[in-house]
Structure formats: structure tokens, C-alpha cells
Amino acid sequence: MEAYLQDWLSLLLRWLHMITGIAWIGASFYFNWLENHLEWQNASGAIAGDLWAVHGGGFYFLQKFAVAPKTLPPTLHWFKWEAYFTWLSGFALMCTVYYWNAALYMVDPGMADISAFQAVLLGVASMALSWVFYDLLCSSPLGKKATLSGLLIFGWFALLAWGLSELMSGRAAYIHVGAAIGTVMVANVFFVIIPSQKDLVTALVEGRSPDPAKGQNALTRSRHNNYFTLPVLFIMISNHNATTFGHGWNWLILVVISLAGVGIRHYFNVRHLPQHNRWILPVSLLLLLSLIVALAPEIQRAGPESKTASIAEEVVTYPDTAAVFPVIQTRCSVCHSATPTFQGISAPPLGIILDSPEHLEAAAIRVLQSTAITRTMPLGNVTAMTLEERELIKQWYAGQMRRP
């Protein structure tokens with residue numbers, strides 16, 4: 001019953017996290033687009049720029065004030081709860097999926113000898129330390145140097161990805177890098193952006209001139225959040241692809257994908273400018289393509305044309321399914337069966353069932369990828385699959401690919 005309730009809690013929290021995340025990131029994309037497309041030549045007096053738009057069958061006219069209007073309007077819309085609930089639902093999901101079963105999802109005996117509690121403590125600390133480093137950097141003189149501070153921020157998260165990947169499972173390392181970035185984003189909203197907006201409102205109520213520096217600081221942090229979005233979105237979906245987090249160079253893969261994501265986001269942020277550096281988008285896409293090629297599996301299907309194979313290769317015998325299935329039964333079927341017997345698992349993960357030779361052959365590529373190439377399964381190697389068994393699976397798959 002506990003596993004059943006945990007599954008439902010995880011599903012509902014994931015749904016909530018996705019809904020609020022869409023609302024928050026959608027607002028971020030829209031307001032950055034709005035900022036970048038204002039007609040600045042129409043500025044006059046207190047108006048910094050304006051914009052005409054059409055959507056949903058109607059026209060809209062928007063204006064941005066250089067600092068603030070002379071009087072406070074009766075209705076003022078704020079954008080903050082989307083950010084808060086995205087982080088709260090994400091942290092609740094983290095507790096439900098990762099911290100609840102830390103020994104299964106976070107600890108990897110092959111990486112470091114740490115306990116489940118230490119892994120959780122490390123994960124929480126990575127979020128807090130990331131905000132402290134980021135905020136101190138942005139508040140320092142270096143924060144005024146956009147390019148340098150951007151490189152240092154990216155460098156911090158690259159270092160964090162490497163450090164976490166050396167201490168916990170790749171899946172947990174990825175999600176905690178994402179959580180650390182998300183923590184910085186929501187802390188920007190809570191500690192900088194919203195207080196700056198409240199100061200503007202208070203100044204209008206009190207009849208004093210607002211401090212334009214606070215507004216500029218809030219705009220800078222908002223832009224940082226905008227550049228964080230694509231790496232965070234990738235990390236949110238990455239736990240479904242062991243090719244990335246399960247690779248021996250998983251941290252570097254995350255760095256490369258994040259760099260491409262930042263490049264893509266930058267292109268769309270500046271493409272309206274006269275000098276918008278068109279090369280940014282193709283270079284970012286080429287970076288992703290290069291990574292895909294570099295990670296391509298080594299084992300290829302042997303076709304009829306492989307008649308030039310040497311005599312030695314032709315007489316090689318490969319283990320058949322009957323030889324491999326007992327390994328799968330012992331190491332994998334406790335979770336991947338119609339009725340899992342492993343504590344905390346109420347349904348086969350990803351719907352993959354391996355409780356018969358036919359099911360095993362149908363899921364051959366997934367079994368190879370997760371057990372013999374990335375070695376992300378069994379989770380935390382809780383069923384103690386040996387290197388010899390992983391090699392057996394690799395040889396079995398090679399034989400499967402050579403079947404007529």
C-alpha cells in the first residue's frame with residue numbers, strides 16, 4: 001500500500017510541477033520577448049517604449065515605463081506564485097522520489113561509499129551553496145561584468161555537475177544540478193525581483209522617486225533566469241534517458257547540452273537585434289549533433305553484406321536467451337515484472353516487463369543500454385549484478401543482432 005500511495009503522490013506532484021513550471025517559464029519567455037521587442041524609438045517622457053501585438057482575435061497595445069507611472073493603478077498583476085509553486089512542488093517531488101528511497105535512487109556504491117542520509121544532505125547542501133555563490137558573485141563588482149559573471153556562473157554549475165557525479169548516482173546528480181539551478185531561479189524571484197517590484201510600488205504610495213538601480217538589478221536577475229530555463233528543462237526530462245546520466249562522462253555531457261541550451265536561448269533573445277550573430281544557433285545545434293554522434297552505441301546490426309568477416313568471427317558463438325534469462329530473473333525481474341516483489345516498487349518501471357524470455361528479447365536494446373553500457377540498472381545495483389553478468393548480456397545482444 002505504501003508503494004501504491006507513493007506512486008500516486010509522485011504522479012500528482014510531477015503533474016503539478018509541470019503545470020506551474022510551464023506557467024513560470026512561459027511568463028519568463030514572454031516578458032523577455034516583450035522586453036526585446038519594445039519600440040524604443042517611441043519613447044517619450046516617462047514611457048521607455050511600446051509594442052503592438054495581435055493574439056486570439058484581438059489587438060493589444062503595451063507600454064513600458066522608464067521607471068514607474070506617476071500614480072499606482074487600481075489593479076496591478078504580479079508574477080511570483082508560479083515561481084514559488086514550481087520550486088515547492090519540485091522539492092516535494094524530490095523528497096517523494098529521491099529522498100524517500102535515497103538508498104535506491106541516490107547511492108551508487110560504485111561511485112562513493114556514502115550513506116543514504118549523507119547523499120540527501122549533500123543534495124540539499126548543493127542547492128543552498130549554489131544560491132550563496134551566485135548571489136555573492138552577482139552582488140560583487142564582478143557581477144557588473146556580464147560576460148565574466150556569466151562564465152563564472154556556468155563554471156560553478158559545471159563544477160557542481162562533476163562533483164555530484166563523483167559522489168552519487170548519475171540520475172541523482174543530474175536532478176540535483178537542476179534543483180540547484182531552480183533554487184537560484186526562485187531565490188532570484190523571492191529575494192531580488194519581487195522586493196524590487198515592491199519597492200517601486202511603495203515609492204509610488206509614499207510619493208517618492210523609485211530607485212532605478214533596483215529595477216535594473218531585478219531585470220538582470222530575470223535575464224539570468226531566462227538563460228537557465230533550457231538546461232533546467234532538459235534535466236527535468238533527462239531521467240528518462242540513461243544514455244546521458246548513465247555515461248561515464250555524464251557530467252561533461254550535461255555541460256555540453258547546457259551550453260547548447262544557453263546558446264539556443266541567447267539566439268532567440270537577440271535575434272531581433274541588427275547584429276544578432278546568426279552563427280549562434282547553428283553552432284549550438286552542431287554541438288548537440290556532435291554529442292549525439294559521439295554517444296552512438298558501438299554495437300551495430302550485422303547485415304547480409306557482412307560476408308567479408310574473418311573466419312575467426314564467423315565461428316564465434318554467442319550466449320542465447322536461455323543462458324541470459326536466469327540472470328535477468330535474479331537481477332531485474334524483482335522490479336520488472338507484472339507483479340514486482342521489490343519493496344517500494346508497485347509497478348514495473350517504464351512499463352518494461354522482463355519476466356519471460358519473450359519479454360527479454362522484445363526489450364533487448366533497453367536491457368543492453370541500461371545494464372551493460374550505462375550500467376544504471378539495477379538501481380544502485382541493489383541486486384548485485386556482476387561485471388561478468390553485464391558482459392554476458394552484451395555478448396548475448398551481439399548474438400541477437402547477428403540472427404537472420
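Contact means heavy atoms within 4.5 Å. Keep that cut-off in mind for the helices below. The structure shown above is a predicted model. Its chain averages a pLDDT of 89, and 95% of the residues score at least 70.

One stretch needs care. Over residues 299-313, pLDDT stays under 50. For this stretch the model has nine contacts beyond four places in sequence. Where pLDDT is low, the predicted coordinates should not be read in detail.

Start with helix α10, which runs over residues 280-294. The helix has 15 residues. From its first C-alpha to its last, α10 reaches 21 Å, close to the 21 Å expected at 1.5 Å a residue. Which residues of α10 are buried? They are Ile280, Leu281, Ser284 and Leu291. These residues cover an arc of only 110° around the axis, so they sit on the same side of α10. An α-helix has 3.6 residues a turn, so residues three or four places apart point the same way. Now look at the other side of α10. There, Leu286, Val293 and Ala294 are exposed. What covers the buried residues of α10 includes α9, residues 250-270.

Helix α14 spans residues 364-373. This helix is mostly covered, with seven of its ten residues buried. The buried ones are Ala364, Val367, Leu368, Gln369, Ser370, Thr371 and Ala372. What lies over them? The cover includes α8 (242-245), α12 (321-331), α13 (357-362) and α15 (387-401). Just after α14 comes Arg375, which takes a positive phi of about 60°.

Next, move to helix α7, where Ile235 lies. Is Ile235 buried or exposed? With a relative accessible area of 2%, Ile235 is buried. Its surroundings can be listed. Leaving aside neighbours within four places in sequence, Ile235 is in contact with Tyr174, Ile175, Val177, Gly178 and Leu254. Take Gly178 from that list. Ile235 and Gly178 are 57 residues apart in sequence, yet their C-alpha atoms are 5.8 Å apart in space.

Charged side chains come next. How many salt bridges does the model contain? The count comes to six. One of them joins the side chains of Asp135 and Arg221, at 3.0 Å from N to O. Asp135 lies in helix α4 (residues 116-139) and Arg221 in helix α7 (residues 212-238), so this pair ties together parts that are 86 residues apart in sequence. The two partners can be compared by accessibility. Asp135 is partly exposed, with a relative accessible area of 22%. Arg221 is buried, with a relative accessible area of 2%.

Asp199 forms a salt bridge with Arg208, and the closest N and O atoms are 3.4 Å apart. Asp199 is buried, at 14% relative accessible area. Arg208 is partly exposed, at 36%. The side chain of Asp199 also meets that of Lys214 in a salt bridge, at 3.5 Å from N to O. This pair links distant parts of the chain, with Lys214 in helix α7 and Asp199 in helix α6 (residues 170-206), 15 residues apart. Lys214 counts as partly exposed, at 41% relative accessibility. Together, Asp199, Glu206, Arg208 and Lys214 are linked in a network of salt bridges.

Finally, turn to the aromatic rings. A pair of aromatic rings is described by the distance of the centres and the angle of the planes. A search of the whole structure finds 18 aromatic pairs. In one of them, the rings of Trp131 and Tyr134 have their centres 5.9 Å apart and their planes at 35°, so the pair is tilted. Trp131 and Tyr134 are three residues apart in helix α4, and about one helical turn separates them. Both are buried.

Another pair is Phe157 and Phe228. Their ring centres lie 5.9 Å apart and their planes stand at 80°, so this pair is edge-to-face. The pair links distant parts of the chain: Phe157 is in helix α5 (residues 146-165) and Phe228 in helix α7, 71 residues apart. Phe157 is buried, and so is Phe228. Both pairs belong to a wider group. Ring pairs link Trp81, Tyr84, Phe85, Trp131, Tyr134, Phe157, Phe190, Phe191 and Phe228 into a cluster.

How values were computed
Residues numbered from 1 in each chain as written. Heavy atoms only, no water. Salt bridge = Lys/Arg side-chain N within 4 Å of Asp/Glu carboxyl O. Helix = DSSP H or I, 4+ residues; strand = E, 2+ residues; numbered from the N terminus. Buried < 20%, exposed > 50% of the residue type's maximum accessible area, 1.4 Å probe, protein only. pLDDT = per-residue confidence, 0-100. Expected span 1.5 Å × (residues − 1). Arc of directions from axis to C-beta. Phe/Tyr/Trp six-rings, centres within 6.5 Å; stacked < 30°, edge-to-face > 60°.
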